[in-house]
2 protein chains.
Amino acid sequence: MSGPTIRVLSLLELLQSHGRLSGTELAARLGVDKRTVRRYIQALEQLGIPVTTEQGCDGGYMLVAGFKLPPMMFTNDETLALSLGLLAAHNLNLADTQVAISSVQAKLERVMPAKLKSRARAIADNIKVILPASDTETSGQHLAPLLDALEQQRSVTIRYASYQQAPVFRQVDPYGLLFRSGRWYMSGYCHLRQELRTFRLDRLQQIELLQQCFNRPANFDTAEHFTSSLYGMPGNLDVQVMLHTDKHTAAQAMGETASMLKPQAEGLLLSTRTDSCYCLAQWLSQLPFDFSIIEPPELKLALKQQAERLMNIAQR
Amino acid sequence: MSGPTIRVLSLLELLQSHGRLSGTELAARLGVDKRTVRRYIQALEQLGIPVTTEQGCDGGYMLVAGFKLPPMMFTNDETLALSLGLLAAHNLNLADTQVAISSVQAKLERVMPAKLKSRARAIADNIKVILPASDTETSGQHLAPLLDALEQQRSVTIRYASYQQAPVFRQVDPYGLLFRSGRWYMSGYCHLRQELRTFRLDRLQQIELLQQCFNRPANFDTAEHFTSSLYGMPGNLDVQVMLHTDKHTAAQAMGETASMLKPQAEGLLLSTRTDSCYCLAQWLSQLPFDFSIIEPPELKLALKQQAERLMNIAQR
DNA sequence: CTCAAATAGGACAGAATACGTCCTAATTAT
DNA sequence: ATAATTAGGACGTATTCTGTCCTATTTGAG
């Protein structure tokens with residue numbers, strides 16, 4: 001037994017590895033007649049692995065999606081990439097996926113050839129991916145409805161508690177999810193506030209998928225919105241600070257905040273709002289380049305106070 | 001055709017999903033006689049998928065590692081976890097694995113059932129994993145020898161350029177790799193300096209695997225060493241700063257750096273070394289709590305200069 | 001339009017395979 | 001010792017597999 005079984009699986013592997021192959025090529029590789037290749041194609045279909053074909057010149061066979069994922073054949077390099085990916089995914093700390101991750105790891109661990117396992121073991125034991133630690137695991141019951149909502153572009157009702165505020169029900173059109181600095185966030189259109197908002201998933205106390213659909217804006221960029229909503233958050237005072245440096249230096253000192261700087265003749269303009277000039281002054285004082293405060297005067301005062309504080313410390 | 005093929009693949013799937021199953025159980029699930037199950041076990045062996053068995057009471061069959069990875073059957077949940085993992089791995093920006101990641105993604109994309117693909121598409125399109133951006137891709141030619149060295153505990157010779165210094169050859173026993181804040185690092189024992197050191201992979205200009213072996217210290221923790229080596233790095237000057245705050249507040253302002261603070265009667269002692277009082281003064285000036293500089297006097301001067309700089313800006 | 005190169009699938013004969021049954025043998029744990 | 005498991009050869013019967021042969025259809029290039 002097993003001659004045909006081996007050859008059918010070999011066919012599957014060939015088609016997985018190549019976008020498309022001709023019947024002649026497949027017959028040569030499998031050591032059978034083209035008529036048999038056609039039978040094997042039928043066999044794959046019977047296995048629930050549909051194959052699409054093109055007739056005529058440059059015709060050939062290609063795998064297409066079926067109702068079920070077929071057996072997957074991975075090369076060693078691909079398997080190691082998967083190992084690394086699972087290692088990284090584990091750090092994302094999503095409750096839903098941790099079980100699945102362990103399951104995949106167990107499956108792979110069980111059957112890996114010794115050499116590959118040794119390498120994968122070296123990856124798992126000796127490579128660490130440090131992501132900012134998440135205090136709390138992002139609760140598993142939120143992700144599935146969120147993914148549904150994202151996929152189907154349907155609104156959700158959430159019970160959400162902003163920082164130091166009582167929980168409020170809101171209707172939101174979720175546009176995207178984001179993992180950043182150890183936390184998961186959802187960006188979307190908030191019907192309560194009538195504008196784009198970003199929500200921390202660990203503050204989500206309840207979520208319910210609605211029937212109502214929405215249209216996500218074309219080319220909505222979750223990370224971009226997140227950055228601007230975080231640093232463009234409403235505050236009492238408009239702030240304008242001119243940084244006398246170049247974009248590269250700014251990025252090194254400020255990380256992603258630099259993405260919101262606007263190039264001007266005199267340098268890079270930081271335009272934002274703040275509730276606390278004191279906090280902003282502190283943040284500004286660590287910048288390793290010159291800057292000028294354009295607005296507001298309160299910020300100049302705060303920076304002066306900061307300078308005085310530091311002077312006192314230096315003279316102790 | 002395909003009856004046996006289907007059943008052999010079903011057997012493989014069953015064994016992948018369960019640690020072990022008896023022949024009786026397998027026969028029932030496959031709808032065949034136990035004698036046939038034994039033939040299918042042989043078929044798997046002929047496919048290069050070895051199976052180990054236990055005779056006697058509670059006997060059964062188990063998959064073991066062969067010379068080649070067998071066809072893998074993943075559930076939908078597992079596939080989505082893999083998708084998320086690949087998304088995260090992509091952000092790690094290792095040149096070697098990017099090709100393999102794309103390859104795996106293409107393979108999965110090609111055959112995923114529509115529902116699963118839609119969900120995976122939603123993940124890829126709407127979930128962003130923001131890791132600190134890496135300026136430069138970590139060069140591909142370093143990883144393979146490094147993984148070899150880690151796996152086989154063999155020394156390497158590296159040509160390495162510390163910050164603003166000429167490249168130097170060093171012999172290193174690599175203990176681990178670390179991805180943190182957008183960069184890849186290697187921790188290991190440096191024979192040139194006769195102590196543990198941490199190296200940035202993007203500053204690695206050359207690497208060569210040696211025949212010489214080493215013994216990695218038991219329970220070596222890459223991340224732990226990294227943290228202490230980064231903040232305990234040798235410098236010209238001993239630094240002691242007393243922070244007049246509590247541990248929790250310190251952690252909020254300083255992140256992981258807080259782990260190296262020592263509690264004292266007057267507050268928390270930061271004890272480190274630095275080459276640049278100017279940089280440290282800048283860093284200190286953002287702290288939102290009071291502190292006192294104990295050592296060195298140069299740091300007090302630097303802080304004074306920082307205060308003067310800020311005062312100038314505030315008075316413009 | 002013709003031709004070449006591809007896919008498609010039915011039919012046939014002969015070879016090969018698959019299966020359950022029956023049997024003997026060996027290994028474990030109770 | 002017994003029960004419950006794995007092991008594998010042999011047999012007869014039914015089924016499957018294969019290459020060959022053939023006709024049919026689809027593409028792209030000249």
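This is a predicted model: local features need pLDDT of at least 70, side-chain atom pairs count only at pLDDT 80 or more; totals for chains, interfaces and linings use all residues.
Axes, in what follows, are lines fitted to C-alpha atoms, taken for helices over the stretch in contact, and angles run from 0 to 180 degrees between N-to-C directions.

In the contact between the chains, 85 residues of chain A touch 85 residues of chain B. On the side of chain A that touches chain B, the most is given by helix α4 (residues 76-91) of chain A, which supplies 11 residues. Sorted by class, that side of chain A holds 52 nonpolar, 19 polar and 14 charged residues.

Two packed helices are described by the angle between their axes and the distance between the axes. The axes of α4(A) and of helix α4 (residues 76-90) of chain B come within 7 Å and cross at roughly 90°. Because angles of 65 to 115 degrees count as roughly perpendicular, α4(A) is roughly perpendicular to α4(B). The residues that meet here include Ala81(A), Leu82(A), Leu84(A) and Gly85(A) from α4(A), and Ala81(B), Leu82(B), Leu84(B) and Gly85(B) from α4(B). The residues of this contact comprise 12 nonpolar and 2 polar ones, with no charged residue.

Helix α4(B) has a further partner in chain A, namely helix α5 (residues 95-111), which packs with α4(B) at an angle of about 95°, the axes lying 8 Å apart. These two helices, α5(A) and α4(B), are therefore roughly perpendicular to each other as well. From α5(A), Thr97(A), Ala100(A), Ile101(A), Ser103(A) and Val104(A) take part, and they meet residues of α4(B) that include Asp77(B), Glu78(B), Leu80(B) and Ala81(B). By class, the residues of this contact are 7 nonpolar, 2 polar and 2 charged.

Further along chain A lies a sheet. Strands of a sheet pair through backbone hydrogen bonds, either parallel or antiparallel. In chain A, an open sheet of 4 strands, with antiparallel pairing, runs in the order β10-β11-β9-β12, and its edge strands, each pairing on one side only, are β10 (262-263) and β12 (291-295). Within this sheet, strand β9 (residues 237-243) of chain A is joined by 7 bridges to strand β11 (residues 268-274) of chain A, the two running antiparallel. Asp238(A) stands opposite Arg273(A) of β11(A). Helix α10 (residues 277-285) of chain A packs on the sheet, where it touches β9, β11 and β12 of chain A, and the direction of α10(A) makes about 15° with that of β9(A).

Conventions: Residues are numbered from 1 along each chain as its sequence is written. Chains are lettered from A and ligands numbered from 1 in the order in which they are written. Two residues are in contact if their C-beta atoms, placed from the backbone, lie within 7 Å. Ala, Val, Leu, Ile, Met, Phe, Trp, Tyr, Cys and Pro count as nonpolar, Asp, Glu, Lys and Arg as charged, and the others, Gly among them, as polar. Angles under 35 degrees count as roughly parallel, over 145 as roughly antiparallel, 65 to 115 as roughly perpendicular and the rest as oblique. Two strands pair if DSSP finds at least two bridges between them.
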